[in-house]
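Hello,

Here is the structure I promised to pass on. Please open it first, then read my notes below.

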Amino acid sequence: MAEHVGSEATHLLRLEEDGEAENDQKISKRPKEPWRGDYVKSIVYAGLDAIVTCFSLISSMSASHLSSVDVLVLGFANLVADGISMGFGDFVSSGTEKDAAVMERMVTEWEVANRGGPQMTQLIRHYHALGMDLHDATTVVNIFSKYREILVDEQMTAQKGIPPAEETEKPWKSGLVTFASFLVFGSAPLLSFIVLIPFTHSDTVKFIGATVLSALALVLLGMAKARIAARNYAVSATVTFFNGAIAGAAAYIIGWTLRNIAGPQD
């Protein structure tokens, strides 16, 4: 008897494997899966803003004919101040978002416990509007009603568009990652004014070096963003590069214009 059951199970497994192999041949190529990380948004947003902000500041100061020392002092002071501001802002916004999600869940739990009928009706209408058969939608919601936590999660996601708050999420970590990312990427444009000190005293050469380093950092960040989102590397790098180029050019033009129009006369 045991041998008969074992042979039937083996036969079913083989049929399942054959069916999966046949389906794999029919299904088109699987899209690339994006990289999932807890702090991707903080790293990319802070890094891009840091490069653009710092290079724009250097461009405006170079157009105003300030010395390399002035660029370094103002550049690093602005970099640290902006990094602290962005890190604290990310911490506050992430904490507020998490607190709001927790409070909203409490409200949803009360509504499900005290107004279960109307809440289930809304969920049925939502699934029906998405294309689900009315009978199937009713069946699904009735099954969810047996599991209070799942019903609350579905109600928050479907009706209010709020994903369940993660207990492991730490707003202070998001703020720290944003601050660190801002400092790391924002230092790229300023490295030229440090590395080239033993080799040249020309501020023009140092500014060209800062431009090259900024362009390289933007391209690398664009490629990293493409890797994270599973997008085209060339398109993402080009868009990111032109974002920084346009901002830097605008800052240079404004600095040069103000220097020649409103600046002190020699």
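These notes cover confidence, then salt bridges, then aromatic pairs.

**Confidence**

Keep in mind that this is a predicted model. The mean pLDDT of the protein is 78. A score of at least 70 is reached by 81% of the residues. Where is confidence lowest, and where is it highest? The lowest is helix H1, residues 2–26, with a mean of 49. The highest is helix H7, residues 171–186, at 89. Residues 1–6 need a separate word. Their pLDDT is below 50.

**Salt bridges**

Side chains of opposite charge can pair when their charged atoms come close. Three salt bridges were counted here. Which residues do they link? Arg105, Glu109, Glu149 and Asp153 are joined in a network.

Start with Arg105 and Glu109. Their closest N and O atoms are 3.3 Å apart. That counts as a salt bridge, because the cut-off is 4 Å. Both residues sit in helix H3, which covers residues 68–114. They are four residues apart, about one turn of the helix.

Next comes Glu149. Glu149 forms a salt bridge with Arg105, and here the closest N and O atoms are 2.5 Å apart. This pair links distant parts of the chain. Glu149 belongs to helix H6, residues 148–160, and Arg105 to helix H3. The two are 44 residues apart.

Asp153 also forms a salt bridge with Arg105, with the closest N and O atoms 2.4 Å apart. Asp153 lies in helix H6 and Arg105 in helix H3, so this pair ties together parts 48 residues apart in sequence.

Glu109 is partly exposed at 31%. Glu149 is partly exposed too, with a relative accessible area of 46%. Asp153, at 25%, is also partly exposed.

**Aromatic pairs**

How many aromatic pairs does the whole structure hold? The search finds four.

Phe55 is buried, with a relative accessible area of 10%. Phe207 is buried as well, at 17%. Phe55 and Phe207 form one aromatic cluster with Tyr252.

Phe241 is partly exposed, with a relative accessible area of 30%. Phe242 is partly exposed at 46%.

**To look at on screen**

Begin at Arg105, which forms salt bridges with Glu109, Glu149 and Asp153. Then turn to the cluster of Phe55, Phe207 and Tyr252.

Best wishes

Conventions:
Residues are numbered from 1 along each chain as its sequence is written. This is a predicted model: local features need pLDDT of at least 70, side-chain atom pairs count only at pLDDT 80 or more; totals for chains, interfaces and linings use all residues. Side-chain values use heavy atoms; hydrogens and water are left out. A salt bridge is a side-chain nitrogen of Lys or Arg within 4 Å of a carboxyl oxygen of Asp or Glu. Buried means under 20% relative accessible area, exposed over 50%, partly exposed in between (1.4 Å probe, protein chains only). pLDDT is the predictor's confidence in each residue, from 0 to 100. Contact means heavy atoms within 4.5 Å. Rings of Phe, Tyr and Trp (its six-membered ring) pair if their centres lie within 6.5 Å; planes under 30 degrees apart count as stacked, over 60 as edge-to-face and the rest as tilted.
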